[in-house]
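Reader: I would like to learn how to read a protein model. Could you take me through the features in turn?

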Amino acid sequence: MPRVTIVVPVHNTAPFLTKCVASLTSQSLSDIEIVLVENCSTDNSLQVCKTLAQEDCRIKVLSIDKADLSTARNEGVKVATGEYVGFVDSDDTVHPDMYRDMYDLAIKHGLGLVNCSFVMTYDNRKNKYPYREDGKIDILDAKALTTLNLTDKISRVVCTLLIRRDLFEKLQFPTYMYHEDRASTHLFMAACGRGANINRAYYNYYQRTTSIIHSGSFRRMRDFVRATCMRLEFINESGIYSATEIATVGARCSEQLLRKLRHLLRLAKSATEREEARDWCRKISLIPNGTRLPLKARVIRWYIQKFVI
């Protein structure tokens, strides 16, 4: 049994795939399994996957008939045999020691999950490090780690996680939605028992204008709102927070919800979209009582209450 399975969804990323996989096959932790999940590519991504598998016996290729990132991840987990599972997008790369460092930490402390950070790499701009880069390692209980995620103090990206495989017996990634990371990573942290966060950017997150994350649309903004509502529902209903903690932990999500609802209303063009946007605006009821909001967020909430719903 390999120590780590790395699941790589592949959809129309043939020009980047070889470099991505090379960063995995050259990991200092050699006892790994790489599952390439090709999902409805219209370029030659599948052929590239097959060629790479012929070159390294640790690579498996799975082809599915649904063009969906989360479905590809979920299907990859089903065939995974590693003790722990990680995820890499097929147009990104990782540091050579990423999985050794994270796996060794997980085994040493008996952790259900390890999280690291990422660097945003641009073609013509200086790289951006969104989180602290001091190498500090924190071993935390599930509640503390989840709180850091919900308040945006650490990465909430699926690809910076190494997750013990048995956690997937009850959890999956939500399918057919953008911002699936925002909707799911806190759930894995809440279920991990104990976990760790490493303030080091092992993951190279390439920023390309053609990627999914840069496709501005009503649907994408709606899914951000949906994911944020899912986070607020967890904060309100999970039972791990007291009433005072709910208001504090939920403040960041509440502000984000209001800000994105304003954008959603602006993006709504058809009558159907406008009605859907109004329905989502009713979700401001999820904002916990006693939440302290900045002035701009309070103004947006007032506007929605008075003129939208």
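Author: Start with a charge placed over a ring. This is a predicted model, and in it the charged end of Lys 306 sits over the ring of Phe 307, 5.8 Å from the centre of that ring.

Reader: Which ring does Arg 73 lie over?

Author: Arg 73 lies over the face of Phe 173, and the distance to the ring centre is 5.8 Å.

Reader: Where is Arg 73 placed in the chain, and is Arg 73 buried or exposed?

Author: Arg 73 belongs to helix α3, which covers residues 69-79. A residue counts as buried when its relative accessible area is under 20%. Arg 73 has 1% relative accessibility, so Arg 73 is buried.

Reader: Which side chain does Arg 73 join in a polar contact?

Author: The partner is the side chain of Glu 180, at 2.9 Å. Leaving aside neighbours within four places in sequence, Arg 73 is in contact with several residues, including Val 7, Pro 9, Asp 89, Val 158, Cys 159 and Asp 181. Phe 87 and Phe 173 are also among the contacts of Arg 73.

Reader: Which residues do ring pairs link into a cluster?

Author: Phe 87, Phe 168, Phe 173 and Phe 188 are linked into a cluster by ring pairs. Phe 173 is also the ring under Arg 73.

Reader: How many aromatic pairs does the structure hold?

Author: There are 10 aromatic pairs in the structure. One of them is formed by Phe 118 and Tyr 205; it is edge-to-face, with 5.6 Å from centre to centre and 85 degrees between the planes. Planes over 60 degrees apart count as edge-to-face.

Reader: Where in the chain do Phe 118 and Tyr 205 lie?

Author: Phe 118 is in strand β6 (residues 113-122) and Tyr 205 is in strand β9 (residues 194-207). The two are 87 residues apart, and their pair links distant parts of the chain. Phe 118 has a relative accessible area of 6%, so Phe 118 counts as buried.

Reader: Now another helix. Which residues does Ala 277 touch?

Author: Ala 277 is part of helix α9, residues 271-281. Not counting residues up to four places away in sequence, Ala 277 touches Phe 218, Leu 264, Leu 265 and Ala 268. Take Leu 264: Ala 277 is 13 residues away from Leu 264 in sequence, while their C-alpha atoms are 6.3 Å apart in space. With a relative accessible area of 0%, Ala 277 is buried.

Reader: And a strand. Is Ile 64 buried or exposed?

Author: Ile 64, in strand β3 (residues 59-64), is buried at a relative accessible area of 13%. Beyond residues up to four places away in sequence, Ile 64 touches Val 37, Glu 38, Asn 39, Cys 40, Thr 71, Ala 72 and Glu 75. From Ile 64 to Gly 76 there are 12 residues in sequence and 10.0 Å in space, C-alpha to C-alpha.

Reader: How many helices and strands does the protein chain have?

Author: The protein chain has 10 helices and nine strands. Its radius of gyration is 20 Å, close to the 19 Å that the globule rule gives for 309 residues, so the chain is as compact as a globular protein of that length. Of these 309 residues, 53% count as buried.

Reader: What share of the contacts comes from residues 24 or more positions apart?

Author: Among contacts with a separation of 6 or more, the share is 81%.

Definitions and conventions: Residues numbered from 1 in each chain as written. Predicted model: local features only at pLDDT ≥ 70, side-chain atom pairs only at ≥ 80, totals over all residues. Heavy atoms only, no water. Helix = DSSP H or I, 4+ residues; strand = E, 2+ residues; numbered from the N terminus. Buried < 20%, exposed > 50% of the residue type's maximum accessible area, 1.4 Å probe, protein only. Polar contact = N/O pair within 3.5 Å; in protein donor to acceptor, adjacent residues only side chain to side chain. Contact = heavy atoms within 4.5 Å. Phe/Tyr/Trp six-rings, centres within 6.5 Å; stacked < 30°, edge-to-face > 60°. Lys NZ or Arg CZ within 6 Å of the ring centre and 35° of its normal. Rg over C-alpha atoms; globule rule 2.2 N^0.38 Å.
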